[in-house]
Amino acid sequence: MPFSSYIGNTRRSSTSGVGGGSGSGWGQSLLPTALSKSKLAINRKPRKRTVVMNFLFANFFVIALVISFLFFFLTLFHFGVPGPFSSRFLTSRSNRIVKPRKNIYRRPLNDSSSGGAVVDITTKDLYDRIEFLDVDGGPWKQGWRVTYKGDEWDKEKLKIFVVPHSHNDPGWKLTVEEYYQRQSRHILDTIVETLSKDSRRKFIWEEMSYLERWWRDASPNKQEALTNLVKNGQLEIVGGGWVMNDEANSHYFAIIEQIAEGNMWLNDTIGFKYELCPWGKHPVETTQENVQERALKLLDQYRKKSSLYRTNTLLIPLGDDFRYISIDEAEAQFRNYQLLFDHINSNPSLNAEAKFGTLEDYFRTVREEADRVNYSLPGEVGSGQVVGFPSLSGDFFTYADRQQDYWSGYYVSRPFFKAVDRVLEHTLRGAEIMMSFLLGYCHRIQCEKFPTSFAYKLTAARRNLALFQHHDGVTGTAKDYVVQDYGTRMHTSLQDLQIFMSKAIEVLLGIRHEKDKSDQSPSFFEAEQVRSKYDARPVHKPIAAREGNSHTVILFNPSEQTREEVVTVVVNRAEISVLDSNWTCVPSQISPEVQHDNTKLFTGRHRLYWKASIPALGLRTYYIANGNVECEKATQSKLKYASEFDPFPCPPPYSCSKLDSDVTEIRNEHQTLVFDVKNGLLRKIVHRNGSETVVGEEIGMYSSPESGAYLFKPNGEAQPIVQPGGHIVISEGLLVQEVFSYPKTRYEKSPLSHKTRLYTGGNTLQDLVVEIEYHVELLGKDFNDQELIVRYKTDVDNKKVFYSDLNGFQMSRRETYDKIPLQGNYYPMPSLAFIQGSNGQRFSVHSRQSLGVASLREGWLEIMLDRRLVRDDGRGLGQGVMDNRAMTVVFHLLAESNISQSDHSSNPNPRNPSLLSHLVGAHLNYPINTFIAKKPQDISVRGPQYGSFAPLAKPLPCDLHIVNFKVPRPSKYSQQSEEDKPRFALILNRRAWDSAYCHKGRRENCTSVANEPVNFSDMFKDLAATKVKPTSLNLLQEDMEILGYDDQEPPRDGSSPRKGRVSISPMEIRAYKLELRPHK
């Protein structure tokens, strides 16, 4: 996404000219018309004091002295004459008054409420009050005329920091490598050369993906020059992430990963820890003849912009996409501006000082000014970090840069690759966990070789995931061939990680000794789901269960708790059995595999289901056998159908019967799903207590001839596309009930089919959810300028208020406004959205990929699945979105009712998910990894029993999530051992959950919550955790005061602290470094 898009209304808008306004975003443009008389309007600091204030200031010392004496005599009268002060109170006095560091607010450990902090401004309040009128603002059409008197800077001069920068997209219209070769490497060369000529020149840089690439190519002299520029403050690294990640679609796991990857590379390479636009393409030269005129014109713009802020410290970005690419361009900018600065600074009557600066320069000066001048307004809560500024709660979705142009399209663009992103994310996390256990249980050099030999590919996987978080990667807003480059990188890493994991399970289960395992040696196992290429859907690798053979299946549980779950593999034969690691029979179900093909519904293969139990972060072995194993064969599903086929092609060996009514049902112990047979859509959920939740599933399509990769601009509302007819197949069995629907639509080939499932595993989390799997194929010209949605038209009276997640981490309250167009009421949904009614009824939809969501009418929850758009939307990409891929979208629907039935629609604060909802989302986004043996074994031989691997002493509390468990620098593992440094990192997040919905979440598979401190010393089985110390999320900062919490938390019983015990508050993410060693 272009940097200028954040600050202007066109692809190449200037960042230095502020003209008649401060920008051109719709939010900015409408603030004056709505808030000019509001208490939230910006109150410029007063320059003329009233008579009373003049008197108070003039006699301040006398007034203060009188008050002090009065207070002193009142104290004596009340308490009497005090005794002498003890010397211990005098020893720590200082001549300097230091402002105490404000403690970080920490929610009580047992507080699961969703009440928000008290703030001065909420974005909800702004939305309520802004009129959203498209008023002509003069020179800046969506701005307003800004004026000033001229005496605003008499007491505190204007301090201007012009911050040169170049926004370098790691992929957009060119691939990241092409951008590097053609532009970014030249820009970095230019920066090093031009900044070295004049110490007054400054520059900021963000993307470590480019800096790392440049560093590899740079000569030692260039590396040293850049290091010196960083050291003396001329070149500042801001953020230091691998990329500048998107804020709507990225999951917080990936955000942390991309920041940590960039920060760690920077720390290892340059060795520094750091703190947290131009006049056209060809600037006109500034000379002695025009310097005064141009300096005053520039200062006029700076003054206008300054009048929009409270302080007299102003930041001016000076740059745009891929600027400062040549020495000539950079020298012209630096020389011209320096002449203007010199003229401004040499004229005291202008009350201004201008210079090149960095973000650190700007914020340091703001803090210094705020310490001198109190800019706080009466009754203002403040920010808690710097005095004089208001506090804000909320986010700024959905963005519009002009008129009806809302950037809600990119929430969904290229959904196939948004899904691949999340698959790579959970696969990388699983590989990191396995790597940690491989090295944790290892205490010899021999067993370090295999995991450390994978270090290069593991780093590449981290970086490929990080790269895709770029705001033109995961957003789906790059050129087709750039998307292909992103996809190929992710696909390569997925294959590498799966190969590593398939080898790692052999070592962890003791199948092959670690010294026999190397990065080159073949594995006995392979991933059960495989992709043939970067843009292919994952397919289940079928198990050829021949007579007399058995196949080994190994399951990896990436969760912190034991998983009791119905799992599935695909097999070629129906007459098979399932056994556990002790060769004990396991009940199973066999069902025919269906597909998205209206001419051939069945593939001829079968889905085999059984209930598995896998220890937390552990492994469990099962066997698929065909032969004399003294076990019952898998129970065959019974099929019912309603189809246009006559006769219906009933797949052998199953029995089929025709549906004879307009309504059909599937059910388990907890709920019954009612379907309309004519269109194959879900009508309602009937709960065990007899209550009902109307669902009203509807498939619709927007016609959007003006939409593009960024913009969603529909031509009216979405219209239903499903017509009576099509095919519906119901499969009922021991463990899974499924309704498959290939609907009839107005298109020759339906753009989707879907499977709705209920599980009957018996006291599993799956039993409580409705699983819907949409197969989407928006392919061909019939779907040009079409956007596909699914809509659930429930009976929940949500008053058009709903909640969607931010980055998979927290919920945000959303409200549908009639004064905003339809597209402006769409919001990002990385993983969850729900609506809630006045009676406490809640309807949630969990997703395993980022999409867009809205609640356009009472009780509706609408989610966009895919979009195919012919035209460019004028935001610089230069193409539409036509490279759709066949894909699968999986939702988990959850209908809940709470204990307290209060109306929360008017509550401005976001609601938390229930504990059950958290677990449902975690199971969907961190699925069980399945590996199958490459070769079968003879049943009569009864080969080795591989058993299980259970590394945790006991499951962790259900609201405690391991964000990641990793070895940050596996390539330096042995070296760090010699340095006696902790080599492992554990990142924990405690989920905040709504206690009003606790009764379903607290089941047998959820035995505890994290009300008590976590004890590292007994977390792992047969592993000792030592040297535990808190660190920052980038794993670099270990200063306890900066981190804001104590190393050890005291026990609740008042006893002395025990090493390794830590308490984590709800919504908190904490990282720890530690060392692991096997128990002797």
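A: In strand S38, Ser844 stands opposite Phe834. This is a predicted model, in which local features need pLDDT of at least 70 and side-chain atom pairs count only at pLDDT 80 or more, whereas totals for chains, interfaces and linings use all residues. Residues are numbered from 1 along each chain as its sequence is written, and side-chain values use heavy atoms, with hydrogens and water left out.

Two strands are said to pair if DSSP finds at least two bridges between them, and the strands (E, at least two residues) and helices (H or I, at least four) are DSSP runs numbered from the N terminus. S37 and S38 form a hairpin with four residues between them, and Gly840 in the turn has a positive phi of about 85 degrees.

On another pairing, S38 meets strand S41 (residues 887–897) in the antiparallel sense over seven bridges, and here Ser844 has Leu894 as its bridge partner. In general, strands of a sheet pair through backbone hydrogen bonds, either parallel or antiparallel.

How many of the residues of strand S38 (residues 841–847) are buried? Seven of its seven residues are, and the strand is mostly covered; buried means under 20% relative accessible area, exposed means over 50%, and partly exposed lies in between (1.4 Å probe, protein chains only). Gln841, Phe843, Val845 and Ser847 point one way from S38, while Arg842, Ser844 and His846 point the other way, and all are buried.

These strands belong to an open sheet of eleven strands with mixed pairing, in the order S22-S21-S29-S30-S31-S32-S41-S38-S37-S34-S35. Strand S22 (656–658) and strand S35 (810–815) are the edge strands, each of which pairs on one side only. On average, and ignoring direction, neighbouring strands of this sheet are turned by 20 degrees against each other; axes are lines fitted to C-alpha atoms, for helices over the stretch in contact, and angles run from 0 to 180 degrees between N-to-C directions. Towards the end of the listed order, strand S34 (residues 801–806) runs antiparallel to S35 and is joined to S35 by six bridges, with Arg813 in S35 as the bridge partner of Tyr803. Helix H17 (residues 915–925) packs on the sheet, where it touches S37, S38 and S41, and the direction of H17 makes about 165 degrees with that of S41; contact here means heavy atoms within 4.5 Å.

Lys418 lies in helix H13 (residues 415–440), and because its relative accessibility is 1%, Lys418 counts as buried. Thr475 is 57 residues from Lys418 in sequence, yet the two are 7.8 Å apart in space, C-alpha to C-alpha.

A second sheet can be set beside the one above. Four strands form this open sheet in the order S45-S46-S50-S48, with antiparallel pairing, and its edge strands, each pairing on one side only, are S45 (960–966) and S48 (1023–1031). Neighbouring strands of this sheet are turned by 30 degrees against each other on average, direction ignored. S45 pairs with strand S46 (residues 984–990) in the antiparallel sense over six bridges, and Asn964 stands opposite Ile987 in S46. Helix H9 (residues 252–269) packs on this sheet, touching S45, S46 and strand S50 (1069–1078), and the direction of H9 makes about 35 degrees with that of S45.

Finally, helices also pack on one another. Helix H10 (residues 291–306) and helix H11 (residues 327–345) pack at an angle of about 80 degrees, with their axes 9 Å apart. H10 and H11 are therefore roughly perpendicular to each other, a term that covers angles of 65 to 115 degrees, while angles under 35 count as roughly parallel, over 145 as roughly antiparallel and the rest as oblique. Residues of H10 including Leu298, Leu299 and Tyr302 meet residues of H11, among them Tyr337, Leu340 and Ile344.
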